[in-house]
Amino acid sequence: MINCILVDDEKSARDSLSFLLQENCPHVKILAQCKSAAEGITTIKQLKPDLVFLDVEMPNGTGFEMLQQFSEINFEVIFATGFDKYALKAFKFSALDYLMKPVVADELVNAVSRFENKKNKTDSNIQLNLLLSNLKNIKTGIHKIAVPAADGLSLLDVKEIVHLEADGNYTVFFTINGKHTVSKSLGEYEELLSENNFLRVHQSHLINLDHVKKYIRGEGGYVVMDDGTSVNVSVRKKSEVLERLSHF
C-alpha cells in the first residue's frame, strides 16, 4: 500500500485526482487532502506519506515554496502542473515526475508505476534545487541535467556532454570527465537536448555540435569529436550536419 497526500487549492482538481486514484490505483491510499501549502506542510509532517501529489501554482504559496520549508524531503513528489511545454523541460532535466492538468488516467497510472519501480530513492532536495535553477534559466538555456546513477543521481553540465550513444534500451553519456549509462532511450534525450545544440546524426548517435572537431567526407561521412571519438553520420543526415556546422 502506498500512502499519499494531495495538495491542491482547487477542490475540483483534488476530487478528480482522488477519483482517478480510487478507480485506477486502488493500492494508493489517500491519507489527506490539503487546500494550501501551509496545510500541506503541517499534514506531511504529521502523517509522513510515501508520496505527495503537489500542485505547482497555488495562490498562497507555490508547491516549490512549500517544499523549501522542509530541511529534508523524505517523501517522493509528483507535481501537477499547467506549465507550457517549454517550461516542462525544466522538470525533465531535473528528473522529477509531473502530471499535466487536467490529469488523465493513463498518465497517472504511469507516474505511480514509475514511483513503484524506483530502485533508489534519489535525493529529492538536489532535484528540487536543480528544478528551481532550471526554471530561472529557462529563457537563456538550461545548464544542468539530472541522470539516474547506480548510487542515486548524477548532475551533468550540459555543455560538458560530448555525445550520447544508444545501447539497446540504454543511453551512454560521454562527457569530458567520463561516461554514464542511463536506462532511458536515446530518443528521450534527443527531444530534451535539441534546443541545446545537440543533433541526432545517426540512429545510435546524438552529438553536441559544440564539441565537433572536424567532419570527414564520405557517403554519409563522420565527425570527430573533442574526445577523439569518430561518430558515423547517416546519409540522410549528412546535409543537415553540414548545414549546421557551416554556421560555426
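**A walk through the model**

Let's start with the cysteines: counting a disulfide as a pair of cysteine sulfur atoms within 2.5 Å, there are zero disulfides here. Before going on, note that this is a predicted model, in which local features need pLDDT of at least 70 and side-chain atom pairs count only at pLDDT 80 or more, while totals for chains, interfaces and linings use all residues. Residues are numbered from 1 along each chain as its sequence is written, and side-chain values use heavy atoms, with hydrogens and water left out.

Cys25 is buried at 2% relative accessible area, and Cys34 is buried at 0% (buried means under 20%, exposed over 50%, partly exposed in between, using a 1.4 Å probe and protein chains only).

Next, the nonpolar cores, each a set of buried Ala, Val, Leu, Ile, Met, Phe, Trp, Tyr and Cys residues joined through side-chain atoms within 4.5 Å. The largest has 47 residues, and Phe64, Phe79, Phe91 and Tyr189 touch the most other members. Helix H4 gives the most to this core, five residues (helices are DSSP runs of H or I with at least four residues, strands are E runs of at least two, both numbered from the N terminus). A second, separate core holds 17 residues, among them Ile2, Leu17, Ala111 and Val112.

You'll find His163 in strand S8, residues 161-167, and it is buried at 2% relative accessible area. Its side chain makes a polar contact of 3.2 Å with the side chain of Asp227 (a pair of N or O atoms within 3.5 Å; within protein, one must be able to donate a hydrogen and the other to accept it, and residues adjacent in sequence count only if both atoms are side-chain atoms).

Now for the charged pairs. Taking a salt bridge as a side-chain nitrogen of Lys or Arg within 4 Å of a carboxyl oxygen of Asp or Glu, the count is nine. In one of them, Asp8 pairs with Lys101, with the closest N and O atoms 2.9 Å apart. Asp8 sits in the loop between S1 and H1, and Lys101 in the loop between S5 and H5, so the pair ties together parts that are 93 residues apart in sequence. Asp8 is buried at 7%, whereas Lys101 is partly exposed at 28%. Another salt bridge joins Glu190 and Arg200, at 2.7 Å between the closest N and O atoms. Glu190 belongs to helix H7 and Arg200 to strand S11, so this pair ties together parts ten residues apart in sequence. Glu190 is partly exposed at 28%, but Arg200 is buried at 16%. Salt bridges with shared partners also join Asp8, Asp55 and Lys101 into one network.

Finally, a few backbone details. Lys101 is joined to Pro102 by a cis peptide bond, with omega about -5°. Ala95, in the loop between H4 and S5, has a positive phi near 60° although it is not a glycine.
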